[in-house]
Amino acid sequence: MIKSKFAVLLITGLSMAGSTTAFAADRGSADEATAMLDKAVAHYQSAGADTALADFSATDKGWQDRDLYVFCFDDAGVTVAHGANAKLIGRDLSGLKDADGKEFVMELVSTGKSGGGWVDYRWPNPVSKKIEPKSSVVKSAGDHICGVGIYK
């Protein structure tokens with residue numbers, strides 16, 4: 001009897017561990033976000049701004065992977081590319097606040113202009129459709145600031 005209870009607990013634990021692994025596999029990692037951003041900046045430099053920004057926003061060009069996608073702003077916080085929501089392109093998001101009231105877009109822009117780095121905020125996950133903690137890595141690409149974020 002004790003052995004069978006232990007076996008049930010062990011199997012339950014293993015199946016829960018497997019579901020956590022599967023859940024983690026559905027989300028991009030910080031390393032994957034950084035690699036995608038580096039690849040995006042290289043594409044921007046080689047293809048030019050117009051082509052790259054259009055590519056980042058297209059759903060068939062390979063710039064989306066699970067919950068990872070490229071987004072770019074101009075210096076004023078106007079969206080010039082967005083891999084998860086093309087309706088944001090052309091919109092001034094400089095005063096946009098996250099779920100906690102943080103004006104994060106201009107922080108993304110200033111971080112990118114000052115050499116790049118990570119910014120934390122809360123944003124809708126395109127996969128889960130829920131507002132979740134997000135951390136985005138940004139850097140300058142020509143006249144724009146581009147980034148890729150991870151959901152935590």
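Trainee: Contact means heavy atoms within 4.5 Å. Which residues does Ser-57 touch, not counting residues up to four places away in sequence?

Mentor: Ser-57 touches Gln-64, Ala-81, His-82, Gly-83 and Ile-89. Before we go on, some ground rules. This is a predicted model, where local features need pLDDT of at least 70 and side-chain atom pairs pLDDT 80 or more, while totals for chains, interfaces and linings use all residues. Residues are numbered from 1 along each chain as its sequence is written, and side-chain values use heavy atoms, with hydrogens and water left out.

Trainee: Got it. Where is Ser-57 found?

Mentor: In helix 3, which runs over residues 49–57. Helices (H or I, at least four residues) and strands (E, at least two) are DSSP runs, numbered from the N terminus.

Trainee: Does Ser-57 count as buried or exposed?

Mentor: Buried, at 14% relative accessibility. The cut-offs are under 20% relative accessible area for buried, over 50% for exposed, and partly exposed in between (1.4 Å probe, protein chains only).

Trainee: What does the side chain of Ser-57 reach?

Mentor: The backbone oxygen of Leu-53, at 3.3 Å. The side chain of Ser-57 also has a polar atom 3.0 Å from the backbone nitrogen of His-82. His-82 was among the residues that Ser-57 touches.

Trainee: What covers the buried residues of helix 3?

Mentor: The cover includes helix 2 (30–47) and strand 1 (64–65). Strand 2 (68–73), strand 3 (79–82) and strand 6 (144–151) are also part of it.

Trainee: New topic: disulfides. How many does a search of the whole structure find?

Mentor: It finds 1 disulfide, taken as a pair of cysteine sulfur atoms within 2.5 Å. Cys-72 and Cys-146 form it, with their sulfur atoms 2.2 Å apart.

Trainee: Is the link of Cys-72 and Cys-146 right-handed or left-handed?

Mentor: Right-handed, with 105° about the S-S bond.

Trainee: What parts does the pair tie together?

Mentor: Cys-72 lies in strand 2 and Cys-146 in strand 6, so the pair ties together parts that are 74 residues apart in sequence.

Trainee: Last one, backbone angles. What is the phi of Arg-66?

Mentor: Near 55°. That is a positive value, in a residue other than glycine. Most residues other than glycine have a negative phi.

Trainee: Where does Arg-66 lie?

Mentor: In the loop between strand 1 and strand 2. Arg-66 is partly exposed there, with a relative accessible area of 34%.

Trainee: I also flagged Lys-129. What is its phi?

Mentor: About 65°, positive although Lys-129 is not a glycine.

Trainee: Which loop does Lys-129 lie in?

Mentor: The one between strand 4 (117–124) and strand 5 (131–141).

Trainee: Does Lys-129 count as buried or exposed?

Mentor: Exposed, at 65% relative accessibility. For your notes: Arg-66 is partly exposed, whereas Lys-129 is exposed. Each of the two lies in a loop between strands.

Definitions and conventions
Polar contact = N/O pair within 3.5 Å; in protein donor to acceptor, adjacent residues only side chain to side chain.
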